[in-house]
Amino acid sequence: CSTRSGLRMGKRQRIVVKVGTNTLCGDLDRPDPWFMAALADEIVDLRKSGHQVILVTSGAIGTGRAILGLTDKPRDVRLRQACAAVGQPRLMEGWASAFARRGVHVAQVLLTYHTFAARHSYLHMREAMLKLLDMGIVPVVNENDTTSISEIDAGFGDNDRLSALVATKLEADLLVILSDVAG
């Protein structure tokens, strides 16, 4: 038996959910707490159905930009790194709060593409993520934009590649990308 979303009832599945900055923020200049709460509710419901869920989130740079009062999107890589460093803790506070109201803990997992390139780093990350999932904790993944500029400099776009790597390397059954980008 399958649901319309492709999830098989009765079979435990590992799901990676990626949310883009524009989807996360909507019309606000910062992450929308109502959206975060609604998405947290959906993820908690999936977990109650027996699924393991990993959340890949964007939004650190935009959050930092709002905190710093910058009106334009920064183009300078160092300024984007600074925005990410300022925004990441606030972004995680939002996710922690959204899940805590449902009694679920989250863990911040900051990755770089180098994590996947070096086998020992990848294996350590994989084991840590699997342990978090086994403990009932929702891993909240983002690229560490403060130390790695591969995404923000090359313009890969809101962790899409990162979510695919996480889904592949953690043998996810499903990758859901929540985005306002067509196609």
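How many salt bridges does a search of the whole structure find? The search finds six salt bridges, each defined as a side-chain nitrogen of Lys or Arg within 4 Å of a carboxyl oxygen of Asp or Glu. The model is predicted, so local features need pLDDT of at least 70 and side-chain atom pairs count only at pLDDT 80 or more, whereas totals for chains, interfaces and linings use all residues. Residues are numbered from 1 along each chain as its sequence is written, and side-chain values use heavy atoms, with hydrogens and water left out.

The protein has eight helices and five strands. These are DSSP runs, numbered from the N terminus (helices: H or I, at least four residues; strands: E, at least two). Along the sequence the pattern reads β-α-α-β-α-α-β-α-α-β-α-α-β. Of the 183 residues, 45% are buried. Buried means under 20% relative accessible area, exposed means over 50%, and partly exposed lies in between (1.4 Å probe, protein chains only). Contact means heavy atoms within 4.5 Å. Among contacts between residues at least 6 apart in sequence, 72% join residues at least 24 apart.

The largest nonpolar core has 23 residues. A nonpolar core is a set of buried Ala, Val, Leu, Ile, Met, Phe, Trp, Tyr and Cys residues joined through side-chain atoms within 4.5 Å. Leu39, Ile43, Leu55, Trp95 and Phe99 have the most contacts inside the largest core. At least two residues of this core come from each of β1 (14-19), α2 (33-48), β2 (52-57), α3 (60-67), α4 and β4 (138-143). Helix α4 gives the most, with seven residues. Leucine 39 is in contact with Val17, Val19, Leu55, Trp95 and Leu178, leaving aside neighbours within four places in sequence. Another core, of 20 residues, lies apart from the largest one and includes Val56, Ala107, Val166 and Leu170.

Aromatic rings were considered next. Rings of Phe, Tyr and Trp (its six-membered ring) pair if their centres lie within 6.5 Å; planes under 30 degrees apart count as stacked, over 60 as edge-to-face and the rest as tilted. The count by this rule is one aromatic pair. Tryptophan 95 and phenylalanine 99 form this tilted pair, with 6.2 Å centre to centre and 45° between the planes. The two residues are separated by about one helical turn because they are four residues apart in helix α4 (residues 77-100). Tryptophan 95 is buried, at 0% relative accessibility. Phenylalanine 99 is also buried, at 0%.

Charged groups also sit over rings. The rule requires NZ of Lys or CZ of Arg within 6 Å of the ring centre and within 35 degrees of the ring normal. The charged end of arginine 161 sits over the ring of tyrosine 113, 4.7 Å from its centre. The charged end of lysine 169 sits over the ring of tyrosine 122, 5.4 Å from its centre.

Side chains of opposite charge can pair when their charged atoms come close. Aspartate 41 and arginine 101 meet in a salt bridge (2.8 Å, N to O). This pair links distant parts of the chain, 60 residues apart: aspartate 41 is in helix α2, and arginine 101 is in the loop between α4 and β3 (106-111). Arginine 101 is partly exposed, at 49% relative accessibility. Aspartate 41 also forms a salt bridge with arginine 102, the closest N and O atoms being 3.1 Å apart. Arginine 102 lies in the loop between α4 and β3 and aspartate 41 in helix α2, so the pair ties together parts 61 residues apart in sequence. Arginine 102 is partly exposed, at 27%.

Arginine 126 and glutamate 171 meet in a further salt bridge (3.7 Å, N to O). Arginine 126 lies in helix α6 (residues 119-134) and glutamate 171 in the loop between α8 (160-169) and β5 (174-178), so this pair ties together parts 45 residues apart in sequence. Arginine 126 is buried, at 14% relative accessibility, whereas glutamate 171 is exposed, at 54%. Salt bridges that share partners join Asp41, Asp45, Arg101 and Arg102 into one network.

Arginine 65 lies in helix α3. Arginine 65 is buried yet has no salt bridge. The nearest side chain of opposite charge, aspartate 72, is 6.5 Å away (Lys and Arg count as positive, Asp and Glu as negative; His and the chain ends are not counted).
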